[in-house]
Amino acid sequence: MSHESLEATVDPAKVDAWIAELGSEPSAAVPLLQAIQTEYGYLPRPAMEMVIKNTQINASQLFGVATFYAQFRMNPVGRNMIKVCHGTACHVQGADRINTSLNHALGITDEEEDTAPNGSYTVEDVACIGCCSLAPLMIIGDQTFGNLKGSDAQRHLKKHAREHNEVLPGHAEQEKQKKKNKPGQQTAKA
Ligand code: FES
């Protein structure tokens with residue numbers, strides 16, 4: 001699935017201002033990337049190209065730093081973030097099942113993808129966040145949900161989606177399918 005529709009529009013003036021403020025030496029690579037990501041939520045290609053063109057940082061240095069640090073994202077993020085803890089305790093308690101359940105609701109079918117096709121949510125795996133007694137857990141926005149079992153993850157996600165006017169692509173598809181399969185559905189109106 002392409003992220004094309006989620007790509008940010010880069011403001012060249014902002015990139016110029018960051019370069020003026022943070023410098024154009026190779027040592028400025030990390031702060032520049034941080035500034036770009038803070039603004040856009042990821043590292044848009046046009047912003048990276050501007051940095052390469054207007055500083056002494058070459059492409060291999062910049063992309064080398066961007067891919068070395070886990071904090072940097074090369075792809076656009078959804079409007080809402082979900083963090084799933086994959087520290088040891090959460091992993092043992094079934095963190096993978098949380099991902100599977102969320103991906104199902106979000107219509108994420110490609111293992112390489114972490115963002116719903118409609119840009120509603122991005123699911124990010126994170127290291128231990130220090131609440132191991134609540135394992136397994138996830139964070140949606142600024143809310144933490146722990147001791148997740150079975151369908152808990154989807155239930156919390158659906159509630160968050162309702163409260164934030166988001167549509168869950170996977171869930172919408174299932175509902176459509178259910179209605180289609182319901183006997184007598186077509187005749188109810190007559
Ligand atoms: S392992 Fe998940 S909070 Fe520690």
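Why does E49 count as partly exposed? The residue has 14 C-beta neighbours inside 10 Å, so E49 falls in the partly exposed class (buried takes 20 or more other C-beta atoms within 10 Å of a residue's own, exposed 12 or fewer, and partly exposed lies in between, with C-beta atoms placed from the backbone). E49 sits in helix α3, residues 45-54, and its C-alpha atom is separated by 9.6 Å from that of L62, 13 residues apart along the chain.

All of this comes from a predicted model, in which local features need pLDDT of at least 70 and side-chain atom pairs count only at pLDDT 80 or more, while totals for chains, interfaces and linings use all residues. Numbering starts from 1 along each chain as its sequence is written. The protein's mean pLDDT (the predictor's confidence in each residue, from 0 to 100) is 89, and 87% of its residues reach 70 or more. Residues 185-190 are another matter: pLDDT stays under 50 there, and the model has one contact beyond four places in sequence for them (a contact means C-beta atoms, placed from the backbone, within 7 Å). Where pLDDT is low, the predicted coordinates should not be read in detail.

Overall, the protein has eight helices and four strands (DSSP runs numbered from the N terminus: H or I of at least four residues for helices, E of at least two for strands). From the N terminus on, the elements run α-α-α-α-β-α-α-β-β-β-α-α. Of the 190 residues, 26% are buried. Among contacts between residues at least 6 apart in sequence, 68% join residues at least 24 apart.

The four strands make up an open, mixed sheet in the order β2-β1-β3-β4 (strands pair if DSSP finds at least two bridges between them). β2 and β4 (143-145) stand at the edges with a single partner strand each, so one side of each has no neighbour in the sheet. Neighbouring strands are turned by 20° against each other on average, direction ignored (axes are lines fitted to C-alpha atoms, for helices over the stretch in contact, and angles run from 0 to 180 degrees between N-to-C directions).

Strand β1 (residues 80-85) runs parallel to β2 (residues 121-126), with six bridges, and antiparallel to β3 (residues 138-140), with three. V84 is bridged to D125 in β2 and to M138 in β3. β3 and β4 also pair antiparallel, over three bridges, with Q143 in β4 as the partner of I140.

As for helices on the sheet, α7 (residues 152-163) packs there, touching β3 and β4, its direction making about 10° with that of β3. Helix α6 (residues 95-106) lies across β1, β2 and β3, at about 155° to β1.

Conventions
Contact = placed C-beta atoms within 7 Å.
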